[in-house]
Amino acid sequence: MAQNTGENELGAWYMYFGTNKLSEQWSLHTEAQFRYYQTTGNFNQMLLRTGVNYHIAENAMATLGYAYIDTDTEFEEFTGEKKANEHRVFQQFILKNNVGKFAFEHRYRLEQRFLQHYETQDTQHRARYRLQVTYPLPGQWFLNVYDEIFINLQEPLFGQNRLYGALGYKLNSELSFQAGYLKNHFTGSNYDRLQLAIFYNPDLSKRSVQ
């Protein structure tokens, strides 16, 4: 019998992202993602990521970070199933620019991945590039789209490609929300995912105890 990979299911990613400003040049990245093979259940992956950001200029930022990923690699649920886990170190550079009302963000990322699946351990490396475009709508609404490609630094070279589109709402200078759709393409397979995200970017430098 063919294994059911869940490719025909509409899954969901529930996400939180934070850029916590510490000073004019330093901030802390915080992130949590909970991914499911189906919209309301069937756990796929938990991703926790953090990093230290150095703001080179208003439109340029470098990050050094770490992530922990816990993955259920099987769509089917059964007693005694084992998960894969990964410890990841990454280096990142973000460059921003505007063309008219369009806000462009270029994200370049290198990752060193330390994976364990059952009794097998492996170290892999990959590069990622994401082009994101944001366009303001009337009121506090905005559109957000991006495409991100993953290139492995070992065979096979192609890792995956993510194409995303969302409608967002900016509640205030620190808090915004996005609801979107992701097409996640791997070699020979495609996965459709709903995404619900919260972005909370507090200025902690103004909240220090005097």
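Which residues make up the largest nonpolar core? Some notes on that and on the aromatic contacts follow.

1. Ground rules. This is a predicted model, where local features need pLDDT of at least 70, side-chain atom pairs count only at pLDDT 80 or more, and totals for chains, interfaces and linings use all residues. Numbering runs from 1 along each chain as its sequence is written, and side-chain values use heavy atoms, with hydrogens and water left out.

2. The core. Trp 13, Met 15, Phe 17, Tyr 146, Tyr 164, Ala 166, Leu 182 and Ala 197 are the 8 residues of the largest nonpolar core. Such a core is a set of buried Ala, Val, Leu, Ile, Met, Phe, Trp, Tyr and Cys residues joined through side-chain atoms within 4.5 Å, with buried meaning under 20% relative accessible area (1.4 Å probe, protein chains only). Strand 1 (10–21) and strand 9 (158–170) are the elements giving two or more residues to this core, and the largest share, 3 residues, comes from strand 1. Strands here are DSSP runs (E, at least two residues), numbered from the N terminus.

3. Around Met 15. Leaving out residues up to four places away in sequence, Met 15 touches Ala 32, Gln 33, Gln 195, Leu 196, Ala 197 and Ile 198; contact means heavy atoms within 4.5 Å.

4. Aromatic pairs. Rings of Phe, Tyr and Trp (its six-membered ring) pair if their centres lie within 6.5 Å, and the count comes to 11 aromatic pairs. Take Tyr 37 and Phe 75: their ring centres are 5.6 Å apart and their planes sit at 85°, so this pair is edge-to-face (over 60 degrees). Tyr 37 is in strand 2 (residues 26–38) and Phe 75 in the loop between strand 4 (60–71) and strand 5 (84–99), so the pair ties together parts 38 residues apart in sequence. Tyr 37 is buried at 6% relative accessible area, and Phe 75 is buried at 8%. Elsewhere, ring pairs link Tyr 14, Tyr 36 and Phe 43 into a cluster.

5. Asn 42. Look at this one beside the Tyr 37 and Phe 75 pair: Asn 42 contacts Tyr 36, Tyr 37, Phe 75 and Glu 77, setting aside neighbours within four places in sequence. Asn 42 lies in strand 3 (residues 41–57) and counts as buried at 10% relative accessibility. A polar atom of the Asn 42 side chain lies 3.0 Å from the backbone oxygen of Phe 75.

6. Arginines over rings. Arg 49 lies over the face of Phe 90, 5.9 Å from the ring centre. Arg 130 does likewise with Tyr 146, at 5.2 Å, and Tyr 146 is one of the core residues. The rule asks for NZ of Lys or CZ of Arg within 6 Å of the ring centre and within 35 degrees of the ring normal.

Definitions and conventions
Helices (H or I, at least four residues) and strands (E, at least two) are DSSP runs, numbered from the N terminus. Buried means under 20% relative accessible area, exposed over 50%, partly exposed in between (1.4 Å probe, protein chains only). A polar contact is a pair of N or O atoms within 3.5 Å; within protein, one must be able to donate a hydrogen and the other to accept it, and residues adjacent in sequence count only if both atoms are side-chain atoms. Rings of Phe, Tyr and Trp (its six-membered ring) pair if their centres lie within 6.5 Å; planes under 30 degrees apart count as stacked, over 60 as edge-to-face and the rest as tilted.
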